[in-house]
Amino acid sequence: MINLELPKKLKASANQAHQVAAQIFRPISRKYDLAEHEYPVELDTMAAMVEGLSDSGGDIGGASGGRSDASAKGGNANGGNMSALLNSLETSWGDVGLMLSIPYQGLGNAAIAAVSTDEQLARFGKVWASMAITEPSFGSDSAAVTTTAVLDGDEWVLNGEKIFVTAGERSTHIVVWASVDKSKGRAAIKSFVVPRDAPGLSVARLEHKLGIKASDTAVLLLQDCRIPADNILGSPEVNVEQGFAGVMQTFDNTRPLVAAMAVGVGRAALEELRGILTEAGVEISYDTPVYNQHAAAAEFIRLEADWEAAYLLSLRAAWMADNKKPNSLEASMSKAKAGRTGTDVTLKAVELAGTYGYSQRPLLEKWGRDSKILDIFEGTQQIQQLIVARRLLGKSSAELK
């Protein structure tokens, strides 16, 4: 059973993240929504804070993930994954685009934490790593990777194009998915840590987007890009029996974090909407049946119930990861539920707030735009539902497409 009361240490960390969201992110949220691709200089202060907290055992950041040894001690753990999830939630309450731009807390850091060796974790544990998976020929079907990696002496040579890379221009390193042997299918897909200054790596362009405009989204080209041989995460051996499980383990860590981002944005919208409804004289009661309440109040309660379910699913997925329990099913469930709930909550909040919600006076319309990507990246709604169906029915990807 999961005790839903957060321990004091996590409460303190989440409170620190909330203060960052309230004092740093919220005041500049609209500024960088209107100034797409402009680097948020205020985040330089964040970099120093994150570094200090990391050295002292804390963490304000979003997606660094972590490893836990509590299960070896025979107890329940609330470790790096739970801490990262709560911090993602709180900072996304402030601004999810800015959260994705925090130096040294990229989505690639969670990939490094998930599949790296101890030696690699020591080398790459404190870099700022983005994650490059998607290509022009595919979106959520990660097994369709066409980027190649060929071993040449003591170096890997990478060739391919990656699109929609979050923090792709600003990060110091990029975790790139590539195939080491196309003839062996998805089992040969590995992840590589590519330094920003690696020869053959370039930024082709930055995307203009619907939301999360504070976060840069890049197209990267790898043209005979050379990296050291030991920059392949985990084992270089191709295990056909294990298949795609090695690199896919990354998603078991990152999908609950993206779910937490949607939960954070959703909570922000619910809090704003509650204030608007209260000011308009709409009473929200938990003691009166919804059919006897104002229609807006009934809708608010529905949205809040959905939000609570998404929050609890996200907690469970992170808790399982910290306790070394297989959580692929729960990670996809949390991502599917939170992604859909985030868009529902934010867009319904815009609707219920009327013309005020559609204007740029509050941040409601911005949250509506920001939330959409949280239902898309790290696997779309449809992909998550497909994964859940496969797990529940015991079907392989070949049997259930």
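How many residues lie between β2 and β3 in their hairpin, and which residue in the turn has a positive phi? The legends below take up this question and then other parts of the chain, and the model shown is a predicted one.

**Figure 1. The hairpin of β2 and β3 in a predicted model**. Two residues lie between the two strands of this hairpin. Gly153, in the turn, has a positive phi of about 65 degrees. Strand β2 covers residues 148-152 and strand β3 covers residues 155-166. The two strands run antiparallel and are joined by five bridges. One of the residues in these bridges is Asp152, whose partner in β3 is Glu155.

**Figure 2. The pairing of β3 with β7**. Strand β3 also pairs with strand β7, which spans residues 217-228. The sense of this pairing is antiparallel, and it extends over nine bridges. Glu155, the bridge partner of Asp152, has Pro228 as its bridge partner in β7.

**Figure 3. The whole chain, for orientation.** The chain has 401 residues, and 56% of them count as buried. It contains twelve helices and seven strands. Among contacts with a separation of 6 or more, 74% are between residues 24 or more positions apart. The accessible surface of the chain is about 17,100 Å², and carbon and sulfur atoms make up 54% of this surface.

**Figure 4. Glu90 in helix α3**. Helix α3 spans residues 80-94, and Glu90 is part of it. Is Glu90 buried or exposed? Its relative accessibility is 12%, and the limit for a buried residue is under 20%, so Glu90 counts as buried. Neighbours within four places in sequence are left aside here; beyond them, Glu90 is in contact with Ala14, Ala17, His18, Ala21 and Arg267.

**Figure 5. The aromatic pair of Tyr104 and Trp128**. The count of aromatic pairs comes to four. In one of them, Tyr104 and Trp128 are tilted, with 6.2 Å from centre to centre and 55 degrees between the planes. Tyr104 lies in the loop between α4 and α5, and Trp128 in the loop between α6 and β1, so the pair ties together parts that are 24 residues apart in sequence. The relative accessible area of Tyr104 is 32%, which makes this residue partly exposed. Trp128, at 5%, is buried.

**Figure 6. The aromatic pair of Trp177 and Phe251**. This pair is tilted, with the centres 5.5 Å apart and an angle of 50 degrees between the planes. Trp177 belongs to strand β4 (residues 173-179) and Phe251 to helix α7 (residues 245-279), so the pair ties together parts that are 74 residues apart in sequence. Both Trp177 and Phe251 are buried. The ring of Phe251 also has the charged end of Arg255 over it, 4.2 Å from the ring centre.

**Figure 7. Arg26 and the ring of Trp93**. Here the charged end of Arg26 sits over the ring of Trp93. The distance from this charged end to the centre of the ring is 3.9 Å.

Notes
Residues are numbered from 1 along each chain as its sequence is written. This is a predicted model: local features need pLDDT of at least 70, side-chain atom pairs count only at pLDDT 80 or more; totals for chains, interfaces and linings use all residues. Side-chain values use heavy atoms; hydrogens and water are left out. Helices (H or I, at least four residues) and strands (E, at least two) are DSSP runs, numbered from the N terminus. Buried means under 20% relative accessible area, exposed over 50%, partly exposed in between (1.4 Å probe, protein chains only). Contact means heavy atoms within 4.5 Å. Accessible areas come from the Shrake-Rupley method with a 1.4 Å probe; for residues, only the protein chains shown count as cover. Two strands pair if DSSP finds at least two bridges between them. Rings of Phe, Tyr and Trp (its six-membered ring) pair if their centres lie within 6.5 Å; planes under 30 degrees apart count as stacked, over 60 as edge-to-face and the rest as tilted. A charge sits over a ring if NZ of Lys or CZ of Arg is within 6 Å of the ring centre and within 35 degrees of the ring normal.
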